[in-house]
Amino acid sequence: MEKFRNFCVIAHIDHGKSTLSDRLLEFTETISKRDMKAQALDDMDIERERGITIKSHAIQMYYKHTDDVTYTFNLIDTPGHVDFSYEVSRSIAACEGALLIVDATQGIQAQTISNLYLAIEHDLEIIPILNKIDMESAMIEEVSEQVIDLIGCNEEDIVLASGKTGEGIPDIMKAIVDRVPSPKGDPKEPLQALVFDSVFNSYRGVIAYFRILNGTIKKGDSIRFVNTGNEYFADEIGILQLNQVPKKELSAGNVGYIITGIKVSKEIKVGDTVTLKDNPCAEAIQGFEDVKPMVFAGIFPIENEYFEDLRDSLEKLQLNDASLVFETETSIALGFGFRCGFLGMLHLEIIQERLSREFDQEVITTIPNVSYIAYTKKDVRLDINTPSDLPD
C-alpha cells in the first residue's frame, strides 16, 4: 500500500483538467501514442462534442519513480461544471489527495473554490497546479498570489504546468508521490468498500466501481451490500484502465470494479458499503451527503404506452448519474409522466439529450420550475410544485 496513490483532479470548467489528465496518461504510457485522442477519459459523445466532462472517470496508471520503484496511481477525473458537482463529491470520498488546477490566464473562479472546500472537508492533501503557463496572457505571479491567499500554501508548493505542451508533468508526478499520503487500511480486516459510482451494461448488468478501505476481496466471494442487505457473488472483480482488467484479488487502498450479475438497477445504491457475507464489517462507511435538486421539470413520453419504457430508461440513467431524482406525476394535458429534479439547467439539457441518444426515448419536457414550501395562515404546510397546487 505504500506504493499506492489515490487522487482526483478538480477545477473550474474549461481550466484544462481533461487535457492535463491526457498528458498524465501519456507520461505513464497508460495509453499508447497511437490510441491517444483528446479528452481520452471522456467517453460519451456529448462530452466530446461540447468539450465538457459530465461523468467522473477512474483510471489506474503506473509511474516509474526510479529504476526499481514503481507507484500505482488511481486517478479520478471529475467534471468542472457546477451542475455535476455531485460527481465531484463522490470522487473526493474515494481519494486521499486532489490536484487543484487553476487556469493561469483566468485565475481562481467560483467552481475552483466550491470544489476546494469539498476536498478540504474530506481532509484531502491539495496540490495546486497553475495550468496554461505557455500562453501569452498567463498571469503567473498574480494567479499564484490568489492561490496562496486561498489555500495558504507557499509559492514553491505551486506546480507550474501546461496541458498543451506537457511542461511540468514530471513535477506533478513527483509532487503526487511526495505529498499525497498512501491509503490507510488493513488488508486483513473484514472487507469494507465504498461504492462511488456504477454503470449499466446491457450484457453484464450493473457494474459497480468501489474503493476498498479495509480488507480483501477475491473473485467468487459471497458479498453483501450493507444498506440494501442484498447478497451476491463477485462474478468478476478488477481494476479500471481504459478497459476493465479482471483480477483474482483486490485489497485495501485499491480502486476497482465488481460485476455481480445484478440486472435491476434499484438493487444497487451509490454510497453503499460492500462487505463479505461470512465476515461482515462492523459499520457502513459514511459516504457523501444526499443530493439536493435545484430545478424541477416534468418529463412525459410522447405516447402514453411508452410510460414503462421511459421509467426503465430513467432508472438506468439514474444508475449512471445518481444526482437525477424522479417521481411519477400525472398531468391533465400530457397524461402519465415523471417529475424530475436536476442540479441545474445544463443537467436537465444533458439528461434530455442522453434519453434520446442512449435509450431512443423522445420526450416532452415541461418548463423548468422551482419548488416552494408555503404555509397557510392556519400553519398548514403545502409543497407547491406547480401554480395549480396553490390554494384558492
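Tutor: A salt bridge here is a side-chain nitrogen of Lys or Arg within 4 Å of a carboxyl oxygen of Asp or Glu. Please keep in mind that this is a predicted model.

Student: How many salt bridges does that rule give?

Tutor: The count by this rule comes to eleven salt bridges.

Student: Which residue does R211 pair with?

Tutor: R211 forms a salt bridge with E96, and their closest N and O atoms are 2.8 Å apart. This pair links distant parts of the chain, 115 residues apart: R211 lies in strand β8 (residues 205–214), while E96 sits in the loop between α3 (85–93) and β4.

Student: Are those two buried or exposed?

Tutor: Both R211 and E96 are buried.

Student: What about D103, what is its partner?

Tutor: D103 forms a salt bridge with K132, with the closest N and O atoms 3.1 Å apart. Here too distant parts of the chain are linked, since D103 belongs to strand β4 and K132 to the loop between β5 and α5 (140–151), 29 residues apart.

Student: Why does D103 count as buried?

Tutor: D103 counts as buried because its relative accessibility is 0%, and buried means under 20% relative accessible area.

Student: And E231, which residue does it bridge to?

Tutor: E231 forms a salt bridge with R224, the closest N and O atoms being 2.9 Å apart. E231 is partly exposed, at a relative accessible area of 39%, and R224 is partly exposed as well, at 25%. Salt bridges with shared partners join R224, E231 and K277 into one network.

Student: Changing topic: which residues have the most contacts inside the largest nonpolar core?

Tutor: They are F73, L99, I127, I129, I172 and I176, in a core of 26 residues. At least two residues each come from β1, α1, β2, β3, β4, β5 and α6, and α6 gives the most, with six.

Student: What is L99 in contact with, leaving aside neighbours within four places in sequence?

Tutor: Its contacts include F7, C8, V9, I10 and L24, as well as I127, I129, I172 and I176. There is also a second, separate core of 23 residues, which includes V88, A94, C95 and V199.

Student: How many residues of α1 are buried?

Tutor: Eight of the eleven residues in helix α1 (residues 17–27) are buried, so the helix is mostly covered. Among the elements covering its buried residues are β1 (4–11), β3 (69–77) and α6 (169–179).

Student: What comes just after α1?

Tutor: Just after that helix, E29 takes a positive phi of about 55°.

Notes:
Residues numbered from 1 in each chain as written. Predicted model: local features only at pLDDT ≥ 70, side-chain atom pairs only at ≥ 80, totals over all residues. Heavy atoms only, no water. Buried < 20%, exposed > 50% of the residue type's maximum accessible area, 1.4 Å probe, protein only. Helix = DSSP H or I, 4+ residues; strand = E, 2+ residues; numbered from the N terminus. Contact = heavy atoms within 4.5 Å. Core = buried A, V, L, I, M, F, W, Y, C linked by side-chain atoms within 4.5 Å.
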